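This report covers one chain of a predicted model and the chain it touches. Please read it alongside the sequence and the structure.

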Amino acid sequence: MNKLIPFGLAAMLASTAVEAQELDITITNLTHGSHFTPLLVAAHSGSTALFEAGKAASAHLQAMAEGGDISGLSADVDAAGGDKVANPAAGLLAPGASTQFSLSTNDGNDYLSVVAMVLPTNDGFVGVDRLAIPTEPGSYTYSMNAWDAGTEANDEIVNGMGAPGMAGIPADPLGKNGMGATGVASADANTLIHIHPGVIGDTDPNGGPSDLDSRIHRWLNPVASLTITVK
Amino acid sequence: MKTILLSAMMLGLAACSGHHRNSGNDDANMMEMSAWRVELLNLTNDQPMSPPAAMLHDAGFDAWQVGQPASEAIEVLAEGGDGSQIISLQQGNPTFSAGTPLPAGQSLAFEIGSSDPAVDHLTVATMLVNTNDAFTGVTDLDLRDMQSGDERIFLTPAYDAGTEFNDEAAAHIPGPAAGGEGFNPARNDVTSVVTHHAGVVSHDDGLADSALSQSQRFDNPVLMIKITRL
């Protein structure tokens, strides 16, 4: 079983451990036509991570990125002694929509990580990796980018498949996808976690290379904003 | 992730004996070395980056500026992947040149430092080689207030040098997707200053004679730069 990724940079040791905090958090989906599946928001020590750019995705990250399943990553956070809010939006977070919630952090859980699948994609996810949680009272806003887990070819075929290792996209919550696509890509050139190159789409609802609509399902980074209010 | 650690420490003793910036305590400064570890991670799907070039320098040196025409040094880098001119713009400064390109998903790390306390700004540049003239990096990055052990992460956008039209033709893209021409001194871009890059179109998105496919498309950021003060 893949655990959280150990993170060993000496610099992290230099950061001062802070006391328990009560944070108010707002996450907004900035895209025009993409939903986020249930979010996982975790505070944890600097020695663990949900994902890391340039590294292979864990099996649990793959399950989140390909099918929106955060149960494995949630268990990883618990096992690592982290604090979490799972599924704060009680389901999908629609384009333009926000979710607000509170997160109580324990001593030493000084870093915040966020993940959720971007739907419809093959294995795209919105996320931030180990943001140092501010300690001075105030409101802090960050941008989040769309990442590609590198675990599944971006074929852009909507076929209901969300299980890890199964090609295809589970669904388009907007209901604007086409059918019968031949597939855009057969493999990722980069099979490690990287910035998602975006989807191509087409305008053919009954064929063409993609089941996504190029006028609806594209995005540009950043795809989400994250506001942390320290009281 | 494979990380190659390369040492590019320059002691800068020649600079000390040349022009002194702090005449009061030269002896102390001569003994102290400011050094940083720099790690570069290519965040793209399929844009290998040309051998990254880096230099430490005084404040105020901008290798490029949005809205200003690219220097020939930037043009040579952004069209052909040759970073040697950029790091030659200030003679005698500590520099680093990678020996090989940086593939997508891969990282490399090097150390760079100076005994001259005023040489505490960083420039890093590299070309996205499956493009006409896209590059990324940082320039005149102020490292002054980093304390030993401090770590900072920068996510950098793709820039368009504004020196070559983005025709995506095989003849004009030097990377492995095409194998075409690199640097050409003729300038034929519609906007002749450095801007942010809008990304590539590719033949999968309707530019029929593009040498690029969906695989080479990219969104920002394209490079992660992790800097640690040693």
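## Strand pairing

In chain B, strand β3 (residues 53-57) is joined to β4(B) by 3 bridges, and the two run antiparallel. Strands here are DSSP runs of E with at least two residues, helices are runs of H or I with at least four residues, and both are numbered from the N terminus. Two strands pair if DSSP finds at least two bridges between them. Opposite Ala53(B) stands Ser97(B) in β4(B).

The open sheet of chain B has 6 strands in the order β4-β3-β6-β7-β9-β10, with antiparallel pairing. Because β4 (95-97) and β10 (195-196) of chain B each have a single partner strand, they stand at the edges, and one side of each has no neighbour in the sheet.

## Basis of the model

The model is predicted: local features need pLDDT of at least 70, side-chain atom pairs count only at pLDDT 80 or more, and totals for chains, interfaces and linings use all residues. Residues are numbered from 1 along each chain as its sequence is written, while chains are lettered from A and ligands numbered from 1 in the order in which they are written.

## Chain B as a whole

Chain B contains 3 helices and 11 strands. Along the sequence their pattern is β-α-α-β-β-α-β-β-β-β-β-β-β-β.

Two residues are in contact if their C-beta atoms, placed from the backbone, lie within 7 Å. Of the contacts in chain B with a separation of 6 or more, 78% are between residues 24 or more positions apart.

## Contact with chain A

In chain B, 24 residues are in contact with 24 residues of chain A.
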